[in-house]
Structures are given as C-alpha cells and as structure tokens.
Amino acid sequence: MPIIAGVDIGNSTTEICLARIEAGQVKEYLASSIIKTTGIKGTTANVPGILIALEEAVKKSGLSMSQLTEIRLNEATPVIGDLAMETITETIITESTMIGHNPSTPGGIGLGVGMTVAFAELGVQAAGEKVICVIPKGIDFEDAARTINQAMDRGVDVQAAIARQDDAVLIVNRLRRRIPIVDEVTLIEKVPLHMLASVEVAEAGQTIKTLSNPYGIATVFNLSPEETKMVVPIARALIGNRSAVVVRTPQGDVKARAIPAGFITLSGQKGKTDIDVEAGAAKIMEAVERVQPIFDVQGEAGTNVNGMLERVRQVMSELTAQPLADMKIQDILAVDTFVPQKVQGGLAGEFALENAVALAAMVKTSRLPMQQIADQLTERLKVNVVIAGVEANMAIRGALTTPGTDKPLAILDMGGGSTDAAIIARDERVFSIHLAGAGDMVTMLINSELGLNDFDLAEDIKKYPLAKVESLYHVRLEDGTVQFYDEHLPPQVFSRVVILKDTGMIPIPADHPLDKIRHVRREAKKRVFVTNALRSLARVAPTGNIRHIEFVVLVGGSAMDFEVADMVTDALAEYGIVCGRGNIRGTEGPRNAVATGLVLSYLGKEV
Ligand code: ADP
Ligand code: MG
C-alpha cells in the first residue's frame, strides 16, 4: 500500500501530510507536521527544513523514511516579498512653537490660555493678567508653588505652567487653585516668552481634546481659516497625547513638508502607468487594478521605493541563479500607514505621526529551482520525488476536505508573504492568483506604527489579545470583561498593557494605551487582508465579478488569526458570499490544505 507524503513549502512554514493509500482512496491519514521554512521558498535552502518535517511526520506515524512510496512537492514558484516604508511627510518646527511631548506625570487638569512669562517675572505681573508661567531648571517645587500662589493671591490669572523638572504633580498639589502643568521640557530655555500659549492636560487615562483639534487651536488663538490650515500638522502631532503645549509665535512655524517619494511605473497587460507614491495607497492600488495583471514594476531611480524593488530583484536573482533582468515584480500592495518620527526642531523630543506608504512586492520566477530541491531529496532519501502541481490547485483540493464544502468553491490562502486565491468550477477547471501582502506585512505595520522596533513583539501583538493589568489579582480584557487570578501576578506586569499568550503574559514596553494598540492591530489586519481578499477574489471570479462567487474557504496560517477570518467574512458578506475558516480533513483547522491536496492529487483525478 503506497504511503505518500505531501510537502507544502511556504514562505513561512513547511507542512507535511502523510497518508496511506489503498485502492485509489486515502485509506488513512497518518500524520501532519509543521516547521518553520528554512531559507527562501522554492530554493534548495528549503531541503534541511523539509527533511526535519518529514522525519517528524514519519516518526509520529511509527514508520521509517524508507517506507515512503513518494514525496509530492508543491510547485512552489518562488515568491518573495519585501516590505518597505516610504515616509511622505515630515514635521519641522522652525521656531519653537510646540511642545507636544507626553511627560508621564503632568499635573492638574484642563486647558489654560495666556501669555508665557518667565518664572522670575511672575512677581511683576499685574492683577487680571492671564499668564502661563515657565519654570526653569533648579527651581524647587515648594518655591515654585509658593511664588505661583502669591501671584494668584495678588489677582494675577495664572492659567498654567510649563516646567523643566519632573515635578508638575508636586507643584500642583501645593497650589490654591489647580492649573494644568506640563513638565520634563528639556529645552525649557527655548520656550518663547511673551507669546500667547495654551497648555492642556487631560485626566489620567484620557487624551487631550482641544489642542489635538485644529478648530480647538483656532478657537484658543482666534485663528483665521487660512491660519487654521497651517496648524493642522500641530493638531495631528498632538493626537493621543495626555498633555500638550502650543505657543503662538509670529510666523508659520510648524510645517508639514511633503517628502518627494518618487514615482513607480507599473507595466501590465492593460498598459503602462506612472504613479506618484505620495498619492497614497488608494491611488496606487487603483493604478494596479487598471493595468493588471502586472508584468513588472520599476521605481524612479534614486528613490527609496526603487531601492526596495531592486533589492527584491537582486535577492531573488541570487537565490535562483537566474539573471537579474528576468526578475519581474508581479504584484505590489500599497497600504497607507504612519510612523512616529522625531519632530525636527522640537523642544522635548516630540514625536509626530508622519504619513507613510508601506509596500509589499512580489517576484515570481520559473520552476527551475524546484527540480533541484526534488533532486536533492531523492538523493538523500532514495525516495521518488514528484513536483505535483500548482499550489493554489492543491490548496483547493485540500480545502474541499472541509466538511460541508462542494464545488464550485473559492479559497483564500492567507500566508506570510502572499495572499493566494483560487476558484474551482463544477467542471473542475481552476483559476488562481498570487498577490503580494499577507501576515508579514501586518506585523510590519504594527511594528512601525507603534514604534516598537521589535518584530517578534509585533508578531505577538498580532496573534494574541491584549489586557490591562489593573491589580495584582485581576486584569481587564480588551472586550472590557474582568478576569481574576487566585495567585498574584508577577509584579513586573502590574499596571501594564500585556499580551495574553498561552505561555503567559508579556508586558508591552511602549507607553501606548490598550485601545491604541488594539486599533493599530485591527486596522493593519483590515488594510492588508480585507483589501487583498477583495482584489484577489475579483481576479479569479467568473467574469471578474466578485458577486459571482458563492462560497469561500479561508486557509493558511493567517486564517488562524483570532480576528482576521471574521473581518474577511464580514467584508465578503456585503457581496453575498458565504465565507468561513477551513477545517482541512475535518481535523486540521485552516492548516495543511496544500499538503493534503498534494496527497489527494496522487489519486489521479486531474485538478
Ligand atoms: P506560508 O504558506 O507563506 O508559509 P503560512 O500559511 O504558514 O504561510 O502563514 C504564515 C503567516 O501566518 C505568518 O504571517 C504568521 O504570522 C501567521 N500566523 C501563524 N499563526 C497565526 C496565528 N495563530 N494568528 C495569526 N497569525 C498567524
Ligand atoms: Mg502557504
């Protein structure tokens, strides 16, 4: 009785399905295994990983390698993706106008508006004067509080204060009237004096409302519509802060400069078009759809985009030992994003969220290297190795083992580097497509939008829900419910936002509130997977109309995600499509579709 191993080499994982065949039927599925792919998909560097995965599956089923009749590989046309980020705006402060920084403990609550005056000048202010006191380094908080109280007693309307040291709370606690105070302003000596300014501090756990709103700033400073336009970058930079200072200085001081990001040239079946990266993701994707299927993408020389596209080509050319000129970029996915970046000219290390466009690109090459993988395996194992067919076709076969499915059926294989769609008609004909952008891009977006600089942490944020540790015995889950613990939690997670991994809680080092992290996570998933689900299904749909698809099964690692499947299902429901996560062989969940399909393709039915 033949024993067949289906081997699916993916960008991220290599999966095995081992089965015993009898009389043209799968008699028994023996084992599955999954390991991280070694090397880049479709190159001989995959061989060590394949061997480990095979050994594991063989061992699980109590067999030995020599009992394998045949190993069937997917025709993994090497698809590599690369990701790049192109920042398209830059906030520059030319005069010292803004302190948008977020000290951990500002003092007081509310909004104060007045003229900035030096601490030393407070004594000479006239009664009724609205002022904001600027407290330099070296002033003791007791002295600061006393002097402000005296001024208040004289009838000076001290509206707020800006301080160098981390003592806002200590000062406020000693004042007769509570005022908002922003502290830890490193370059306090640069805060311009005798200018109209505004200080806002929100309640703990809240964010500012007035200075993060252009109309709020316009109200405070009595701005004209023209001037209001100018303060948009300030307002944007302050969104999400608990405290902020805005000083009105004479001239256009904060600029949002557009950084020329360069053009990309898309060549496709329906023509050739240039598109400015600065135009944003929606416009880029419109252009992609206009000319698709894409034959190649070029970037304007000397730009970052070009650098990235060339890098993809270069890596692929080296890995496959094929000429650089043959490396064609066959799809790109652009997503609008933002990156926290240090504001030039800021006074307290302020960050602004700059607009950026993230790009995933994909190169496909010939199947040549697959044969090399097959040859190496045969040599090592003395087993017959067959390259069995196009991945998407195999995935469909595997997906059809999900209970309750039947032809016609479409699948969405959401992996790490690419999103693949395929459709099988009643007459068994299959159409498929590979598109750039999947789980890795989501991780990249989370990593950069939260400024984490830690890919593994971003990957964990993507995969697991969040909670806020409210006491040593309970956490509040992201849906608002509370979970109690019998034993106290480790002290280092106290009061932090944590990732609830199966192996325990991981505190997130950055200072972002839970809602923000959750929002970034969900938006990243939507922008990648909903976009790619719609465009890939439209490409394989009969007559190009996505409404002609009835059933969609979601497979691949990203279909395991705890919220992606629901997001895609929701989006497709608008088109009357029934969609759900696959359950391969009724046991494997959305995993192992391709490997299972490879085993089934041995049975001789042509797909
Ligand atoms: P490929 O076929 O390209 O090898 P996979 O189907 O193995 O890809 O999917 C890999 C992707 O799935 C990665 O981006 C990984 O982060 C993601 N992934 C794996 N498990 C989960 C999970 N539990 N939740 C969310 N994403 C997951
Ligand atoms: Mg895959």
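This is a predicted model: local features need pLDDT of at least 70, side-chain atom pairs count only at pLDDT 80 or more; totals for chains, interfaces and linings use all residues.

Author: Helix α1 covers residues 47–60. It lies across four strands: β1 (3–9), β2 (13–22), β3 and β4. Against β3, helix α1 runs at about 135 degrees.

Now the sheet itself. Five strands form it, and the sheet is open. Their order is β3-β2-β1-β4-β20. The pairing is mixed. Strands of a sheet pair through backbone hydrogen bonds, either parallel or antiparallel.

Look at the edges next. β3 (25–36) and β20 (384–390) stand there, and each has a single partner strand, so one side of each is left without a neighbour in the sheet. From one strand to the next, the twist averages 25 degrees.

Strand β4 spans residues 70–75. β4 and β20 pair in the parallel sense, over six bridges. One bridge links Glu75 to Val390 in β20. Helix α10 (residues 391–399) lies across β1, β4 and β20. Relative to β20, helix α10 runs at about 90 degrees.

Finally, the ligand. Ligand 1 is surrounded by 17 residues. The closest are Ser12, Thr13, Glu459, Lys462 and Gly557. Thr13 falls within the range of β2 (13–22). A polar backbone atom of Ser12 is 2.7 Å from an oxygen atom of ligand 1. Gly557 has a backbone N or O atom 2.7 Å from a ligand oxygen atom. For Arg591, a side-chain N or O atom is 2.9 Å from an oxygen atom of ligand 1. Taken alone, ligand 1 exposes 580 Å², and the protein buries 89% of that.

How values were computed
Residues are numbered from 1 along each chain as its sequence is written. Chains are lettered from A and ligands numbered from 1 in the order in which they are written. Side-chain values use heavy atoms; hydrogens and water are left out. Two strands pair if DSSP finds at least two bridges between them. Helices (H or I, at least four residues) and strands (E, at least two) are DSSP runs, numbered from the N terminus. Axes are lines fitted to C-alpha atoms, for helices over the stretch in contact, and angles run from 0 to 180 degrees between N-to-C directions. Contact means heavy atoms within 4.5 Å. A residue is near a molecule or strand if one of its heavy atoms lies within 4 Å of it. A polar contact is a pair of N or O atoms within 3.5 Å; within protein, one must be able to donate a hydrogen and the other to accept it, and residues adjacent in sequence count only if both atoms are side-chain atoms. Accessible areas come from the Shrake-Rupley method with a 1.4 Å probe; for residues, only the protein chains shown count as cover.
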